[in-house]
Amino acid sequence: MASFAGFGSSGLEDAVSELLGGEPETEYPRLYRNRGDGTFEDVTRAAGLWRVLQAMGANHGDLDNDGFLDAYFGTGDPDFKTLIPNRMFRNDGGRRFQDVTTAGGFGNVQKGHGIAFGDMDNDGDQDVYAVLGGAYSGDVYPNALFLNPGNEHLWITLRLRGTSTNRMAIGARVRLVVVDQDGAKREIHRVVGTGGSFGSSSLQLEIGLGAAVAIERLEVLWPVTELRETFDEVPLDRVLKVVEGLGALEVVESTPIRFPTEASAEHGHHHR
């Protein structure tokens, strides 16, 4: 897949028009599906992304650990006429995207200049950090951290370390073969990188497994040496370290972090 967010003359009136069922004349985003033969197909409308998205920052991650990547678009442009909501879209099993902006509380109207997905509190699901505020020194709206409330799906986090490859393993490709509750097998693919534009996501791979109950095989392809390493009987709900060429998985002890909430602060629940 390849995607591009619209950044044309969209403004508040266009966003309102779209929300009311209209189709304003503006620049729209595009989602292209890779046909696997060197060509791409425009599937924007079929995927539910034919929306007004005046995006400055955009990134992707997995909100519900179902194994399918969701997308968050942060609005940009210093002009106050573009004070339109940042928007979150959930990937519905690879079929289409559902607008969960309101349901998830992501619809802040301040400028979304940088979006990052990452497991901030070490509990196995991805949280979202949004750099807000505008381009002018007087626009000092604070940034926002959206903590994930969790879900029922299993997960695995991989910390890849290159030796011949760059240390952070950027560009390494991972393939998981997982087994679902009904015995069916499927594949999950990831590439080590920081994600989309105007935002730098976690370089550890935080992978949701959906309905999987087991990982049959983990395969890592290192980009420099083109070494392909495979691992069987991979543990679930664990943070694993993979060092290039070592041929073994190391379980990393990871303790969840409890961030103070507004409610605890208001009631004076301070930890010393």
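Terms and their grounds

Q: Why does Glu226 count as exposed?
A: Glu226 has a relative accessibility of 62%. Buried means under 20% relative accessible area, exposed over 50%, and partly exposed in between, with a 1.4 Å probe and protein chains only. Glu226 therefore counts as exposed. This is a predicted model, in which local features need pLDDT of at least 70 and side-chain atom pairs count only at pLDDT 80 or more, while totals for chains, interfaces and linings use all residues. Residues are numbered from 1 along each chain as its sequence is written, and side-chain values use heavy atoms, with hydrogens and water left out.

Q: Why is Asn65 called buried?
A: The relative accessible area of Asn65 is 3%, so Asn65 is buried. Asn65 is found in the loop between β4 (55-61) and β5 (70-75). It has a positive phi of about 55° although it is not a glycine.

Q: What makes Ala116 a buried residue, and which residues are in contact with it?
A: Ala116 has a relative accessible area of 11%, so Ala116 is buried. Ala116 is found in strand β8 (residues 114-118). Contact means heavy atoms within 4.5 Å. Leaving aside neighbours within four places in sequence, Ala116 is in contact with Asn59, Asp127, Val128, Tyr129, Ser200 and Ser201. The C-alpha atoms of Ala116 and Phe198 are separated by 8.6 Å, although the two residues are 82 apart along the chain.

Q: How do you know which strands are the edge strands of the sheet that contains β8?
A: Three strands form an open sheet in the order β8-β9-β10, with antiparallel pairing. β8 and β10 (144-146) each pair on one side only, and they are the edge strands. β8 and β9 (residues 127-131) pair over five bridges, and Gly118 stands opposite Asp127 in β9.

Q: What makes a space a cavity rather than a pocket, and how many cavities of 30 Å³ or more does the structure hold?
A: On a 1 Å grid over the protein atoms alone, a cavity is a set of points where a 1.4 Å probe fits but cannot get out, whereas a pocket is an open set with protein on both sides within 12 Å along at least five of seven lines; lining residues have an atom within 4 Å of a point. A volume is the space filled by probe spheres set on the points, which are joined across faces, edges and corners. The structure holds one cavity of 30 Å³ or more. The largest cavity has about 30 Å³ of space, and its lining residues are Pro78, Phe80, Lys111, Gly134, Ala135, Tyr136 and Asp139.

Q: What is the volume of the second largest pocket, and which residues lie nearest its centre?
A: The second largest pocket has a volume of about 270 Å³. Of its 15 lining residues, Leu63, Gly104, Phe106, Asn148 and Pro149 lie nearest its centre.

Conventions:
Helices (H or I, at least four residues) and strands (E, at least two) are DSSP runs, numbered from the N terminus. Two strands pair if DSSP finds at least two bridges between them.
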